[in-house]
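Welcome! Try each task before reading its solution.

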Amino acid sequence: MKRIVFVRHGSTDSNRTGVMRGWSDDALSELGQRQAELTARYLQSVPPVDVIYTSTLPRSIQTGDIIARVMGVEAHARDDLRELNLGRLEGRSEREQRE
């Protein structure tokens with residue numbers, strides 16, 4: 001039986017500051033990189049992971065690549081796994097979004 005495990009990308013500076021990103025670029029913060037490494041270590045303790053698919057957003061690719069490296073599997077980026085395009089909300093803080 002195949003299992004599917006969903007993992008959200010690691011934390012970014014925008015996550016910490018409350019800025020919406022959607023399709024906008026934002027690399028993982030140091031915390032996000034550590035989260036990806038810890039996730040990979042956890043996944044090593046469960047049934048084997050055969051393949052990793054990520055969205056084509058840099059923060060997702062970076063998360064997937066970290067996990068893939070630790071797990072010894074390949075990561076594949078796919079456009080159909082991208083987050084929602086948030087339009088005018090992208091790059092705005094929570095306060096700006098409310099306004």
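**Exercise 1. Decide whether Leu81 is buried, partly exposed or exposed, and find the surface patch it belongs to.**

Solution. Keep in mind that this is a predicted model.
- Step 1: Leu81 has a relative accessibility of 44%, so it counts as partly exposed, since that class lies between the 20% and 50% cut-offs.
- Step 2: Look for Leu81 in the loop between β2 (75–77) and α4 (94–98).
- Step 3: Together with Val51 and Tyr53, Leu81 makes a nonpolar surface patch of about 280 Å².

**Exercise 2. Describe the largest pocket: its volume, and the residues that line it.**

Solution. 
- Step 1: The volume of the largest pocket is about 880 Å³.
- Step 2: Its lining has 26 residues, and the closest to the pocket centre are Val5, Phe6, Val7, Ile52 and Tyr53.
- Step 3: Two elements, β1 (52–54) and α3 (58–71), each give two or more residues to this lining. The largest share, four residues, is from α3.

**Exercise 3. Find the salt bridge of Asp13 and explain how its two partners are placed in the helix.**

Solution. 
- Step 1: The side chain of Asp13 meets that of Arg16 in a salt bridge, at 3.9 Å from N to O. This falls inside the 4 Å cut-off for a salt bridge.
- Step 2: Both residues belong to helix α1 (residues 13–17), and because they are three residues apart, about one helical turn separates them.
- Step 3: Asp13 is partly exposed at 42% relative accessibility, while Arg16 is exposed at 62%.

**Exercise 4. Work out which parts of the chain the salt bridge between Arg59 and Glu83 ties together.**

Solution. 
- Step 1: The side chains of Arg59 and Glu83 meet at 3.4 Å, N to O.
- Step 2: Arg59 sits in helix α3 and Glu83 in the loop between β2 and α4, so this pair links parts that are 24 residues apart in sequence.
- Step 3: Arg59 is buried, with a relative accessible area of 2%, whereas Glu83 is partly exposed at 30% relative accessibility.

**Exercise 5. Which residue forms a salt bridge with Arg78, and how many salt bridges does the whole structure hold?**

Solution. 
- Step 1: The partner of Arg78 is Asp80, with the closest N and O atoms 2.7 Å apart.
- Step 2: Arg78 is partly exposed at 37% relative accessibility, and Asp80 is exposed at 55%.
- Step 3: Searching the whole structure gives five salt bridges.

Note on methods:
Residues are numbered from 1 along each chain as its sequence is written. This is a predicted model: local features need pLDDT of at least 70, side-chain atom pairs count only at pLDDT 80 or more; totals for chains, interfaces and linings use all residues. Side-chain values use heavy atoms; hydrogens and water are left out. Patches are made of residues with over 30% relative accessible area and no salt bridge: like charges are joined within 9 Å, nonpolar side chains (Val, Leu, Ile, Met, Phe, Trp, Tyr) within 5 Å. Accessible areas come from the Shrake-Rupley method with a 1.4 Å probe; for residues, only the protein chains shown count as cover. Buried means under 20% relative accessible area, exposed over 50%, partly exposed in between (1.4 Å probe, protein chains only). On a 1 Å grid over the protein atoms alone, a cavity is a set of points where a 1.4 Å probe fits but cannot get out, and a pocket is an open set with protein on both sides within 12 Å along at least five of seven lines; lining residues have an atom within 4 Å of a point. Grid points are joined across faces, edges and corners, and a volume is the space filled by probe spheres set on the points.
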